[in-house]
Every structure is written in structure tokens, then in C-alpha cells.
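Trainee: I am new to this structure and would be grateful for a close look at a single part of it. Could you take me through the sheet and whatever is packed against it?

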Amino acid sequence: MPRPLTIATPGDRQIVVTRQFDAPRDLVFLCYSRPELLRRWYGMPEWTTFVCDIDFRVGGKWRIGQRSPDGYELASQGLYTAIVPPERIEQTEYYDDDWTRGGTTNVLTLTEQNGVTTATMTITYTSPEARAAAAASPMAEGMEIGFTRLDAVLAEEQPH
Amino acid sequence: MTPSDQLDATFIALADPTRRAILARLMEGEASVNELAAPFDISQPAVSKHIKILERAGLVTRSASGTRRPVKIEAAPMKQAVDWLEKYRQFWEASYGRLDALLAELQTPVNTDKSRKKKDKPNA
């Protein structure tokens, strides 16, 4: 069963995305740390991953690039700044087109309880203005915008 | 304004609950400043100030003629903001939906010989 994803905006520079998985955290950690696994799930629906280079060690570089069906390319890269298997990954992220204005610091924490892993991704922007460009769902929910296309995507993505 | 500046202005304008309520009202149709101020427990000049911020962000316009000068919502910048948000959530929902499927596959005994030995059962 899909679990509800939550997006929160604590403080004035952060976005926190939280989700639970029916899997032990060492497996979830593996899916974040091996490029051959990461490229199978991370990214926009229906986009293809044309680069997924991961040097998974502290100080190592990573770069992920995706291409939309109509040819638009979106790529970001950064450094791993801290790795604590299987509970924590810290990395910097800079988009090629710099829409985040100086990049973000992304901290993933994984906690496990009764075989269920909670993944908490905290994205910290350099300024409130940078986050304003990304500040997200509370506004959308307040305006009762329906994410109808998303339902279709999730239905397709479920294992049969 | 660049598209990114426009998005910033839109989100900053939308950060305030009174301005969101004003926009929600305007989605039903144009209204005068007095009509917009009526449901709120704040002064008419305060509502005017909120409308100016929405105007600067391009989210609303006021007609130049007539004494009523009704305020009207502008669809295009709103659509841009909503589209952006939808993509953001869609990105994570869809990514994590695929991660669910991948985790299920990695935990299925018939598939474990491909990439990874299955660990001891958690319910042991």
C-alpha cells in the first residue's frame, strides 16, 4: 500500500519530505547509495536518467541528469558531506540552471521500527527567498488543488 | 521579471493566509475592495495593502475605470505556481512509488539471487 507522503516547511529555509517504506532501513539505504538501484526509482515520472554517477564516500561527487519526453534536460550535482550507514546521508546539491540560488544541503535520515523505515529528507536552502521558490504544498492544499495526474502515475507504478 | 522571479513573487504573495483567502474569493468572480474586506476582521486599508502585494506579483489586476474598480484574478501566474508545486510533489510521490516497487522486488525471495542475498526474516 502507498503511504502518505508529507511535505512540511519548518523555519524559513527548509523543506522536509517524509515517507515510510515497508522494508528494513539497510535495504532503503542501499537503494540511495548504489547508482544501479538509485537510477531505477529516483526522478520525474516518464523521464529517462541519462547520467547517474555516484562516488559514494565522504567528499565523493555525485551527478544525476534526467531528460523529459520532449527533450528538456534537468541535472544536478554535489558532494557527499557525511555518510553514516544505514541511518544518515548528507549531501550538497546544485542544479545546473541554479534555480535554488546557491544550492541546497540535503540530509536524509532513516529510522526503522517493526520492519518499517521512515525516510526524512530535510532540504535546507541558502535563503528564505530561495525556499519561497520551492515552498510548497500547504498553499496548494489550502487552495484544494487536485493532483489528479498523480493518482494515475501512482496506479501505474504499483507492483502487480 | 524572469520566470523564476515571477515564481518567487507568486510564492511570497501566497505565503499570507489573508491573501490566500482573498484569492479564493476572487476565484468565484471579481469584487470591489470593500466587498473583499467584508469577511475579514481587518481594516479596509489593510486589505488594500494585501491587494497591492497581489497586484505587484501579477496575481490580480484592478480595472482603471469606474469608482468601484473591481479586482480580478489573473490565471497565468497562478497556474505557473500551481504547476510548479504539482511537479515537486509529483517528483517525490512518483520516485517513492517506484522505490516501494524496488524494495518489494529486493525482498522477494525468487529475485534475491540476482543482486543480493536475502537477510534473515525480520519476524524470526
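Mentor: Let us begin with one pair of strands. In this predicted model, strand β5 (residues 73-84) of chain A runs antiparallel to strand β6 (residues 88-95) of chain A, and six bridges join them. One position shows the pairing directly: I83(A) has I89(A) in β6(A) as its bridge partner.

The loop between β5 and β6 of chain A is the place of E87(A). Is E87(A) buried or partly exposed? E87(A) is partly exposed, because 14 other C-beta atoms lie within 10 Å, whereas a buried residue would need 20 or more. Leaving aside residues up to four places away in sequence, E87(A) touches R25(A), T109(A) and L110(A). The C-alpha atoms of E87(A) and E112(A) are separated by 9.0 Å, although these residues are 25 apart along the chain.

The next pairing to follow is that of strand β7 (residues 104-113) of chain A with β8(A), which is antiparallel and extends over 10 bridges. Within it, V107(A) stands opposite T122(A) in β8(A). These two strands form a hairpin with two residues between them, and N114(A) in the turn has a positive phi of about 50°. Strand β8 (residues 116-125) of chain A also pairs with strand β2 (residues 14-21) of chain A, again in the antiparallel sense, over eight bridges. There V17(A) stands opposite M121(A) in β8(A).

These pairs belong to one open sheet of eight strands in chain A, with the order β1-β2-β8-β7-β6-β5-β4-β3 and antiparallel pairing. At its edges stand β1 (6-8) and β3 (48-54) of chain A; each has a single partner strand, so one side of each is left without a neighbour in the sheet. On average, neighbouring strands of this sheet are turned by 20° against each other, direction ignored. Of the contacts in chain A between residues at least 6 apart in sequence, 36% join residues at least 24 apart.

We may now turn to what lies against the sheet. Helix α1(A) lies across β2, β6, β7 and β8 of chain A and runs at about 155° to β7(A). Buried residues make up 22% of the 160 residues in chain A. The largest nonpolar core has 19 residues, and those with the most contacts inside it are F21(A), L27(A), V28(A), C31(A), Y32(A), L99(B) and L103(B). At least two residues of this core come from each of α1 (25-33) and α2 (35-41) of chain A and α5 (75-106) of chain B. The greatest contribution to this core is that of α1(A), with six residues.

From chain B, L103(B) touches F21(A), D22(A), A23(A), L27(A), V28(A) and C31(A), not counting residues up to four places away in sequence. A second, separate core has 17 residues, including L14(B), L26(B), L54(B) and I73(B). One of these, L26(B), is buried in helix α2 (residues 17-26) of chain B, as are R19(B) and I22(B). These three residues are on the same side of α2(B), because they cover an arc of only 55° around the axis.

Note on methods: Residues are numbered from 1 along each chain as its sequence is written. Chains are lettered from A and ligands numbered from 1 in the order in which they are written. This is a predicted model: local features need pLDDT of at least 70, side-chain atom pairs count only at pLDDT 80 or more; totals for chains, interfaces and linings use all residues. Two strands pair if DSSP finds at least two bridges between them. Helices (H or I, at least four residues) and strands (E, at least two) are DSSP runs, numbered from the N terminus. A residue is buried if 20 or more other C-beta atoms lie within 10 Å of its own, exposed if 12 or fewer, and partly exposed in between; C-beta atoms are placed from the backbone. Two residues are in contact if their C-beta atoms, placed from the backbone, lie within 7 Å. The arc is that of the directions from the helix axis to the C-beta atoms. A nonpolar core is a set of buried Ala, Val, Leu, Ile, Met, Phe, Trp, Tyr and Cys residues joined through C-beta atoms within 7 Å. Axes are lines fitted to C-alpha atoms, for helices over the stretch in contact, and angles run from 0 to 180 degrees between N-to-C directions.
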